[in-house]
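Biologist: I am new to reading models of this kind, and I would like to go through one feature by feature. Could you show me the structure before we begin?

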Amino acid sequence: MNTEIENCLKTVNSGALILYPTDTVWGIGCDATNPEAVKKVYDLKQRDDSKALICLVSDLRMLEKYVYEVPDAAYDIIELANKPTTIIYDRPLNLAPNLIGEDDTIAIRVASDPFCQKLIRQLKRPLVSTSANISGAPTPHSYSEISGEILKGVDYIVNLHRDKKNPSPSSIIKLSNNGEVRIIRK
């Protein structure tokens, strides 16, 4: 695992893209603070950059550095969730501008996968995590389902968990600072 983390760090720190296993589906990743790297993700996915991407943080302390105000309910949701849960927060901070939604929000998940946690901890910044598919195509549930176009479009592919099947992406909940809670994806 340490060699894979070192290779990912070199790749991500150079502004390039990785393909990696997450706590949900395989993801395309890059430094969430680097606008040029984020643009590469949008280009590879053939996705309009007005559609925000998810990013992963290693823990609650890191989350608090990238969101102006984490609503109290977020801590309960993160602690009590029985599956990976992404939360959309108002007023993100210190992230690539093209990663932030037009409504000034950001989708962040605290990673539960040990590889992702260790990678993000060593990166010391959030990591973009978007499903490894062209926009509009089905989400691949295993490494073997990832298209050749995506495989060729990334700069490094993690050599871990390639036989693991991940049945579904994370739940997504929008928590507004005004107290509004909306379930976007169960």
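Biologist: Against which elements do the buried residues of α5 pack?

Modeller: Helices (DSSP runs of H or I, at least four residues) and strands (runs of E, at least two) are numbered from the N terminus, and contact means heavy atoms within 4.5 Å. In this case the buried residues of α5 pack against α1 (2–13), β1, β3 (54–57), α3 (60–66) and β6 (127–128). Please bear in mind that this is a predicted model, in which local features need pLDDT of at least 70 and side-chain atom pairs count only at pLDDT 80 or more, while totals for chains, interfaces and linings use all residues. Residues are numbered from 1 along each chain as its sequence is written, and side-chain values use heavy atoms, with hydrogens and water left out.

Biologist: Which residues of helix α5 are buried?

Modeller: A residue is buried under 20% relative accessible area, exposed over 50% and partly exposed in between, with a 1.4 Å probe and protein chains only. In α5, which spans residues 114–123, the buried ones are F115, C116, L119, I120 and L123. They cover an arc of only 120° around the axis (taken from the directions from the helix axis to the C-beta atoms), so they lie on the same side of α5.

Biologist: What is found at the start of α5, and what follows α5?

Modeller: At the start, a side-chain oxygen of D113 comes to within 3.1 Å of the backbone nitrogen of F115, and after the helix comes K124, which has a positive phi near 65°.

Biologist: Which residues have the most contacts inside the largest nonpolar core?

Modeller: A nonpolar core joins buried Ala, Val, Leu, Ile, Met, Phe, Trp, Tyr and Cys residues through side-chain atoms within 4.5 Å. The largest one here has 53 residues, and those with the most contacts inside it are L19, I28, Y89, L99, I108 and F115. If neighbours within four places in sequence are left aside, I108 is in contact with C55, V57, L63, Y66, V67, T86, I87 and Y89.

Biologist: How many aromatic pairs does a search of the whole structure find?

Modeller: A pair of aromatic rings is described by the distance of the centres and the angle of the planes. Rings of Phe, Tyr and Trp (its six-membered ring) pair if their centres lie within 6.5 Å, and planes under 30 degrees apart count as stacked, over 60 as edge-to-face and the rest as tilted. The search finds one such pair. The ring centres of W26 and Y143 are 5.0 Å apart with their planes at 55°, so the pair is tilted. Because W26 lies in the loop between β1 (18–20) and β2 (27–29), and Y143 in the loop between β7 (130–131) and α6 (148–153), the pair ties together parts that are 117 residues apart in sequence. Both W26 and Y143 are buried.

Biologist: Is R109 buried or exposed, and what does the side chain of R109 join?

Modeller: R109, which lies in strand β5 (residues 105–110), counts as buried at 2% relative accessibility. A polar contact is a pair of N or O atoms within 3.5 Å; within protein, one must be able to donate a hydrogen and the other to accept it, and residues adjacent in sequence count only if both atoms are side-chain atoms. Such a contact, of 3.0 Å, joins the side chains of R109 and T86.

Biologist: Where is K174 placed?

Modeller: K174 is in strand β9 (residues 171–175) and is buried, with a relative accessible area of 12%. The side chain of K174 makes a polar contact of 3.3 Å with the side chain of S176.
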